[in-house]
Amino acid sequence: KTEEATLETPNPLYIEALAFIEEDDLILPTYEKAFALDSDNPFLIINYGCRLYQFGQYEEARERFREARSYPPQNALPHYLQAASMVAVLEEGGDLTPVFTLLTQTNTSNDPLIFPEPLWHESLTASGDWHNGLQRRIIDLCCAPLYQMINRLNREARGAIQTGDYHAWESRLNVIESFGQRLVQRSVPDLEIASLSRCMAGIKFQIDALTSLRLIQEKRDGGAEPAIIERLVLLEQSQSTIGTFQDKRQKSQDEHR
């Protein structure tokens, strides 16, 4: 408050940091202030867009994600988030072709998948529980629109399978599986930890896609390919292993603290 009152132009990093921890009714107005002060910061724009999405302002969130794509570094994340905001405004049964076109282009690009990092002073260690907790929270906020998108797409796939009108969905489900694989990979190991919450999202998206593919093959051919069944088993084992670790995380941290 002192800085905001004494400086003619407030520090945008301060405003952004405040927006991240604000009360719900002040989050968007505070992000709007930060965005006005630092409108070419792609990671601020991504965080702002995720908050707009969280509060149901999908069209404006889509515009923010499109803007984030315009600034360096090259990053696949705002492309995926833009696809999520496109799905959010579609009616059930709407045309998903533009969504899958964008997902396919992003899957096949060489752009890394970079999540925003916590605002953090250089004098503080970035390897402790506090920093990692903030990083997980940011990744969870960014993954929330992706979860909603994949849940919606999977629901539409299952409906198409039930009616027998599933022919377009084989290739679409492969696109979703590839997206899940990208989430699990560490594309920029020097800049970012491979957050387990991000890995859990990627594993779930692959399981959802492969389960629907298995249903298509069972309906069409009377049985699923062994490779799909084997991959599903491995993914479910991974999901269980990480889930067990997540359940024990807090107890372990408390002991080490």
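Predicted model: local features only at pLDDT ≥ 70, side-chain atom pairs only at ≥ 80, totals over all residues.
The contact draws on Ile27, Leu28, Tyr31, Glu32, Ala34 and Phe35 from H3, and on Leu44, Ile45, Asn47, Tyr48, Arg51 and Leu52 from H4. Sorted by class, the residues of this contact are nine nonpolar, one polar and two charged. Helix H3 spans residues 24-37 and helix H4 residues 42-54, and the two pack with their axes 10 Å apart at an angle of about 155 degrees. Because angles over 145 degrees count as roughly antiparallel, H3 is roughly antiparallel to H4.

The axes of H6 and helix H7, the latter covering residues 97-108, cross at roughly 170 degrees and come within 9 Å. H6 and H7 are therefore roughly antiparallel to each other. On the H6 side, the contact involves His79, Tyr80, Gln82, Ala83, Met86 and Val87, while H7 supplies Pro98, Val99, Leu102, Leu103, Thr106 and Asn107. Here the classes come to eight nonpolar, four polar and no charged residues.

Proline 73 lies in the loop between helix H5 (58-68) and helix H6 (77-88). The peptide bond that joins proline 72 to proline 73 is cis, and its omega is near 5 degrees.

The largest nonpolar core holds 65 residues, among which Leu103, Met149 and Leu153 touch the most other members. Helix H8, residues 129-163, provides the largest share of this core, with 12 residues. Leu103, already met in the contact of H6 with H7, is also a partner of leucine 153. Setting aside neighbours within four places in sequence, leucine 153 is in contact with Val87, Leu96, Phe100, Leu103, Trp169 and Ile176.

Helix H8 also contains isoleucine 138. With a relative accessible area of 4%, isoleucine 138 is buried, because buried means under 20%. Beyond its neighbours within four places in sequence, isoleucine 138 is in contact with Phe20, Asn47, Pro116, Glu117 and Pro118. One of these, Asn47, belongs to H4 and takes part in the contact with H3. Histidine 121 lies 17 residues from isoleucine 138 in sequence, and the two are 17 Å apart in space, C-alpha to C-alpha.

Definitions and conventions. Residues numbered from 1 in each chain as written. Heavy atoms only, no water. Helix = DSSP H or I, 4+ residues; strand = E, 2+ residues; numbered from the N terminus. Core = buried A, V, L, I, M, F, W, Y, C linked by side-chain atoms within 4.5 Å. Buried < 20%, exposed > 50% of the residue type's maximum accessible area, 1.4 Å probe, protein only. Contact = heavy atoms within 4.5 Å. Axes fitted to C-alpha atoms, helices over the stretch in contact; angles between N-to-C directions. Parallel < 35°, antiparallel > 145°, perpendicular 65-115°, else oblique. Nonpolar A, V, L, I, M, F, W, Y, C, P; charged D, E, K, R; others polar.
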